[in-house]
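Hi,

Here is the structure I promised to pass on to you. Have a look at it first, and then read my notes below.

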Amino acid sequence: MLVIWLVLGLCSPATSLPAQVVLDEPQPHPLHTGDRGLHGRFLHITDVHPDPFYKHGAHPSTACHRKKPKKKRRAGYYGTAYKECDSPLALTNFTLDYLEERWSDEIDFVIWTGDSASEVYELNEAVAEKMKQIFSSKGIPCGANYSDSFASGNNDVWRGHGRLMNDQQDPMISPEHTHRTSNSIWRHESYDFRRMWSDFIPPESRASFLQGGYFSIEVVPGALAVVSLNTMYFYSSNEGVDGCPMSDDDDPGNQQFTWFEDQLKMFRSRQLQNLGLWCSGHVPPTDGHYYSQCYGRYVELTLRFQDTILGHLFGHLNTDHFYFMKADDVHVDGDANLGTLNLADHTASLFDMLVADFSRLPGPQDGLDYGDYAVVNVNPSVVPNPYVPTFRAYAYNVTGLQEVGGGERYDRFGFRGSPDHQGMSESGAMKGEGGPERDELEGCGVDFDCRVHFGSPSRRNLLWTPLGYAQYWMPKVEEYDARDTPEYELEYLTFSLSRLHGGGRISNTQPLIPLENLPEELRDSGVDKSKYAPYEMDDLTIPSWVELARRIGKDGSKVSKRFRKYMYVGGKAET
């Protein structure tokens, strides 16, 4: 197989790399010009962090860069689990080749939430090129039928631009380099992100990408979209931005929110309302990771467009968890409520904070209103820092669709019939779970009608509703050497076993996850109990997440213990 070499002669002195293989170049594939029917699956990948300075056998205390320990643990060939070392290039190559071989013919699109490469522009470019070869060449991305969505991360910037640092000493994107001057990093002549990601950015989104590195893309043309946000403008560790002050329309965070709201309005007006849109980004929205007013505005938009948004997918934290954004998180002035859950507060473990939050959810008899909640999913990382490599495969509902040709749009579906008024008042306001009728959301900073149809795919299992995911990991990453072929294994499923084999997306017999990517014991449609299926969720709608959170919030419950185990990907808590 051909390889790409990045050596001193190909790099500027400031970014010189060791003479080593950076990324294997996949064999070229002819573009698929025939029909690609929907599979009802997509991948979520985040935080690859390939490190060209990683040394097999080095001491983990040096970020696996130097000093061979005499007797202590050494850096593994494919990675060093539960230590602060980034990914060796061997792991990056293997992971992308594995996804090509085992998944690229089984999915419709990919959501990639940032940190594709740390520190080095040329390496970032090589990762983008390999993603293009693996997925674009098979007709999955950019302008054909379905596409990849990238979200820029806090390490997706070359150190030569901007000297603002966060608490991990990562370079930050400042307004001076990304927004307010013509010398934007996205347009810089020598470090042209526009050229690097041109195959992933649709023409109608190039202006917003050049302005600030954010864009939207229809991953199923005319029907299903992904918004990729540049969360560096909201990130509280980025001192180069002002934190979305309501009085400053020129603040880059506010300008991105204006664009984001316009996108949501556009998709809703084009009757994608009941078809679906995913929000993605790198740093997840919390009242600790985001500036307070940025977080408040994100929550306000999220709840106002709950009928349009299917879910929120993020990375950065490397831990496996979900949490709720709530109406109570927003004050009238747009500030986040500092008395609510702060996931960036490390005085307690993330697990303890989430369980405490889940335990306070109203019970079914107390009248919880789903319109007050939105769910954020944080995916664990490919980089084994500080855990082990992981990725997710999601399944979503395509029931009732027939296979369509490569260029056919889905506009004919429009709004999915008449609104289903089950569980709604005569005025169309959604009733709470046994509670009062809902007319509008109070205290969100602006007045708006936030009535949400019960027939929205975030609330009820309909076309495009996410059904669940399978999480894959590599727990034996340190046991493999250069002579071995590593293996990603199934860690767990969110699906109930009764639904696993009867996906009901194009036919009633197609499994939600391809059988060849399941353990032997799950390939039997008659299996009714397995360690791989601890949650037994019907789908990934807001009511299903609330029900799971209630179960986790019960002190000492079995499902709570499993949630903790998965959160730290088999490792220990951060505190």
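Strand β10 pairs with strand β11 (residues 373-378) in the antiparallel sense, over six bridges. Two strands count as paired if DSSP finds at least two bridges between them. Helices (H or I, at least four residues) and strands (E, at least two) are DSSP runs, numbered from the N terminus. If you want one spot to look at, phenylalanine 324 has valine 375 in β11 as its bridge partner.

Before you go further: this is a predicted model, where local features need pLDDT of at least 70, side-chain atom pairs count only at pLDDT 80 or more, and totals for chains, interfaces and linings use all residues. Residues are numbered from 1 along each chain as its sequence is written, and side-chain values use heavy atoms, with hydrogens and water left out.

Back to the strands. β10 and β11 belong to an open sheet of six strands with mixed pairing, in the order β6-β7-β8-β9-β11-β10. At the edges stand β6 (215-220) and β10 (321-326), each with a single partner strand, so one side of each has no neighbour in the sheet. On average, neighbouring strands here are turned by 25° against each other, direction ignored. Helix α10 (residues 542-552) lies across β10 and β11 and runs at about 115° to β10. For such angles, axes are lines fitted to C-alpha atoms (for helices over the stretch in contact, meaning heavy atoms within 4.5 Å), and angles run from 0 to 180 degrees between N-to-C directions.

Now the cysteines. How many disulfides are there? Counting pairs of cysteine sulfur atoms within 2.5 Å, the answer is two.

One joins cysteine 64 to cysteine 85, S to S 2.1 Å. The torsion about its S-S bond is about 80°, so this disulfide is right-handed. Both cysteines sit in the loop between β3 (41-45) and α1 (89-102), 21 residues apart. Cysteine 64 and cysteine 85 are both buried, where buried means under 20% relative accessible area, exposed over 50%, and partly exposed in between (1.4 Å probe, protein chains only).

The other disulfide is formed by cysteine 244 and cysteine 294, with sulfur atoms 2.0 Å apart. This link is right-handed too, with 95° about the S-S bond. Cysteine 244 lies in the loop between β7 (224-228) and α6 (252-272) and cysteine 294 in helix α7 (residues 292-304), so the pair ties together parts 50 residues apart in sequence. Cysteine 244 is buried at 2% relative accessible area, and cysteine 294 is buried at 0%.

Cheers
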